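User: I am new to this structure and would like a friendly walk through it. Could you show it to me?

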Amino acid sequence: MSTDIQTIKKLAHLARLEFNEEKEQEMLQDLNKILNWMDKLRELDTESVEPLTHMSEEVNVLREDVAKNTVTHEEALLNAPKKDSDYFRVPKVME
């Protein structure tokens, strides 16, 4: 399978890309290489191959989630540009 320069121009338009003539030729060659590679993959017999759902069989090992206070209330408010006793002051969003 191969494509032509008109297809490259149409794809460039759809993707909102601009290429000069030299780059269009490069893109045409690259796209044709990709399509040829896909044709080669189609030659393989994949009838007995299970669909891939994950790249590996490994399972994430996660640490236990333990709630704890790592920053005190005072430390959290220390660099606040504006604060009101125990709270951050922010501009009103809704009136």
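Analyst: The questions below take us through a helix, its charged pairs, a surface patch and some loop residues. This is a predicted model, in which local features need pLDDT of at least 70 and side-chain atom pairs count only at pLDDT 80 or more, while totals for chains, interfaces and linings use all residues. Residues are numbered from 1 along each chain as its sequence is written, and side-chain values use heavy atoms, with hydrogens and water left out.

User: How far does α2 reach from its first C-alpha to its last?

Analyst: Helices here are DSSP runs of H or I with at least four residues, strands are runs of E with at least two, and both are numbered from the N terminus. Helix α2 covers residues 21-42 and has 22 residues.

User: Within what arc do the buried residues of α2 fall?

Analyst: Buried means under 20% relative accessible area, exposed over 50%, and partly exposed in between (1.4 Å probe, protein chains only). In α2, Glu-24, Leu-28, Asn-32 and Leu-35 are buried. They line one face of the helix, because seen down its axis they fall within an arc of 75°. That arc is taken from the directions from the helix axis to the C-beta atoms, and its value for α2 is 75°.

User: Which exposed residues sit on the face of α2 turned away from its buried side?

Analyst: The cover over the buried residues of α2 includes α1. Turning to the face away from the buried side, we find the exposed residues Glu-22, Gln-29, Lys-33, Trp-37 and Lys-40.

User: Which residues does Asn-32 touch, leaving out those up to four places away in sequence?

Analyst: Asn-32 is found in helix α2, and it counts as buried because its relative accessibility is 16%. Contact means heavy atoms within 4.5 Å. Not counting residues up to four places away in sequence, Asn-32 touches Ser-2 and Thr-3.

User: How many salt bridges does the structure hold?

Analyst: A salt bridge is a side-chain nitrogen of Lys or Arg within 4 Å of a carboxyl oxygen of Asp or Glu. Glu-26 pairs with Lys-23 at 3.6 Å between the closest N and O atoms, and the side chains of Asp-84 and Arg-89 meet at 3.8 Å, N to O. Asp-39 is also in a salt bridge, with Arg-42 as its partner. The number of salt bridges in the structure is three.

User: How far apart are the closest N and O atoms of Asp-39 and Arg-42?

Analyst: Both residues lie in helix α2, three residues apart, or about one turn of the helix. Asp-39 counts as partly exposed because its relative accessibility is 23%, whereas Arg-42 counts as exposed at 59%. The closest N and O atoms of this pair are separated by 2.6 Å.

User: What is the area of the nonpolar surface patch that includes Leu-41?

Analyst: Patches are made of residues with over 30% relative accessible area and no salt bridge, where like charges are joined within 9 Å and nonpolar side chains (Val, Leu, Ile, Met, Phe, Trp, Tyr) within 5 Å. Accessible areas come from the Shrake-Rupley method with a 1.4 Å probe, and for residues only the protein chains shown count as cover. Leu-41 is partly exposed, as its relative accessible area is 36%. Together with Ile-34, Trp-37, Met-38 and Leu-44, Leu-41 makes a patch of about 510 Å².

User: What is the phi of Arg-16 near?

Analyst: Most residues other than glycine have a negative phi. Arg-16 lies in the loop between α1 and α2 and counts as exposed, because its relative accessibility is 65%. Its phi is positive although Arg-16 is a residue other than glycine, with a value near 55°.

User: How far apart in space are Val-61 and Ala-76, C-alpha to C-alpha?

Analyst: Val-61 is placed in the loop between α2 and α3 (73-77). It is exposed, because its relative accessible area is 80%. Val-61 and Ala-76 are 15 residues apart in sequence, and their distance in space is 31 Å.

Terms used: Expected span 1.5 Å × (residues − 1).
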